[in-house]
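Student: Could you walk me through this one, starting with whatever pocket there is and then turning to how the helices pack?

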Amino acid sequence: MYQPLADRIRPTTLEEVVGQGHILGERGILRRIIESGEIPNMVFYGPSGSGKTTIANLIAKQTNRKLYKLNATNASISDIKDIIAELDTFMAPSGVLLYLDEIQYFNKKQQQSLLEFIENGKITLIAATTENPYFYVYSAILSRSTVFEFQALSAKDVLPAIKRGFSLCDPEIQYEDTVAEHIASTCGGDVRKALNAVELLCHAAENKNVTLDDALLVAQKSAMRYDRDGDAHYDVMSALQKSIRGSDPDAAVHYLARLLEGGDLASACRRILVVASEDVGLAYPQAIAIVKACVDSAFQLGLPEARIPLAEAVILLATAPKSNSAICAIDAAISDLRAGKTGEIPKHLKDAHYEGAKKLGRGLTYQYPHSFPNHWVAQQYLPDELRDSTYYEYGANKVEQTTKQYWDTVKKGEK
């Protein structure tokens, strides 16, 4: 029966595992836990191909406990009940290890069905997920588990596995060093993907020889980790905005490229528009108009040409002066409203364009600013309860300070 190379080459000892030195190194905490034989409930969080399943297999081997594997994408509560039925029988006298892959696909009820048994120790749960467990795993499971984050492997980490893969797949295969390096650099830190490429190249090799041209065809594009509905999406979006906010045009263009290479034009455009007002704002008021024009152009052009106006917009924002005075002002006002601070609108500001308004005392004392010098007159606009509130603070930039100086002069003259 056919067995994929990635499965045949799976490590049988911790020494054979590549990467994850932060938790599996000589003094790594997870390594020490495994070697102790006392295994707690755990959640393995990390990208595909980073070793989560391999470590679960090694834990089962180390502890001599029966290992059950379920994948939450196709498992159900009945599968869990079948496992529970074997507890305290000769099949599992010491309890079981349950490796639940893609736990994020189990709903709350399905996850809750495990609680009683992981709490009394009859089931030791090793859950795996590619998504942030603090968003997707039921809090009661998390409170009874230790979360270990698996990191994406570097090309250097993957290279030994690729070389082992060639040797195991066909010891007679010849390949250039650049072949292994190319596969390592284009697999996106996913060992499984790299080994699949190795296996395919071995099967397709002519005269037992693998060329770089073959490798270029098999691994044409870096497997960048990006999922529009997953953590990677929000991480890239966050990094894009923070790079622009931090005035780093190089980093900003890099994260824009990640979004666009993932085909996510709409998200890139929305985030850039937000940044124009949130982080540049009144320090460069024209930025939002320019960015909107670039975004409109991007949507009209579509990818790949859309990358050009969006790069212009991102570089413009990253190198522009910064101000967050607008978002701070609106958030302060909203905060007061949510705290119940509203108050009655002053009568002189209320609508007076209807018969009977004067009888209600509306608009009687309103002063029309355009009838006064500099189009300004001192009068109350906020409700009595908030009359001394200040929401907008002028930013420390040339545009806002110039505006502040103007109004300071106007209002001082009136006084």
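**Pocket, packing and backbone**

Tutor: By class, nine nonpolar, four polar and seven charged residues make up the lining of the largest pocket, where Ala, Val, Leu, Ile, Met, Phe, Trp, Tyr, Cys and Pro count as nonpolar, Asp, Glu, Lys and Arg as charged, and the others, Gly among them, as polar. This is a predicted model, in which local features need pLDDT of at least 70 and side-chain atom pairs count only at pLDDT 80 or more, while totals for chains, interfaces and linings use all residues. Residues are numbered from 1 along each chain as its sequence is written, and side-chain values use heavy atoms, with hydrogens and water left out.

Student: Which residues lie nearest the centre of the largest pocket?

Tutor: Trp 376, Gln 379, Tyr 381, Ser 389 and Lys 411 do, out of 20 lining residues. A pocket here is an open set of points on a 1 Å grid over the protein atoms alone, where a 1.4 Å probe fits, with protein on both sides within 12 Å along at least five of seven lines, and lining residues have an atom within 4 Å of a point.

Student: And what volume does the largest pocket have?

Tutor: About 760 Å³, taken as the space filled by probe spheres set on the points.

Student: On to helices: at what angle do α16 and α18 cross?

Tutor: The axes of α16 (residues 265–280) and α18 (residues 307–319) cross at roughly 25 degrees and come within 10 Å; axes are lines fitted to C-alpha atoms over the stretch in contact, with angles from 0 to 180 degrees between N-to-C directions. That makes α16 roughly parallel to α18, a label for angles under 35 degrees. The helices themselves are DSSP runs (H or I, at least four residues), as strands are (E, at least two), numbered from the N terminus.

Student: Which residues make that contact?

Tutor: Leu 265, Cys 269, Ile 272, Val 275, Ala 276 and Val 280 of α16 meet Leu 310, Ala 313, Val 314 and Leu 317 of α18, contact meaning heavy atoms within 4.5 Å. By class, this contact has 10 nonpolar, no polar and no charged residues.

Student: How far apart are the axes of α15 and α16?

Tutor: They are 7 Å apart, with α15 (residues 249–261) packing on α16 at an angle of about 145 degrees. Leu 256, Leu 259 and Leu 260 of α15 touch Leu 265, Ala 268 and Ile 272 of α16.

Student: Switching topic, where is the cis peptide bond?

Tutor: It runs from Leu 303 to Pro 304, with omega near 10 degrees, and Pro 304 sits in the loop between α17 (287–301) and α18.

Notes
Parallel < 35°, antiparallel > 145°, perpendicular 65-115°, else oblique.
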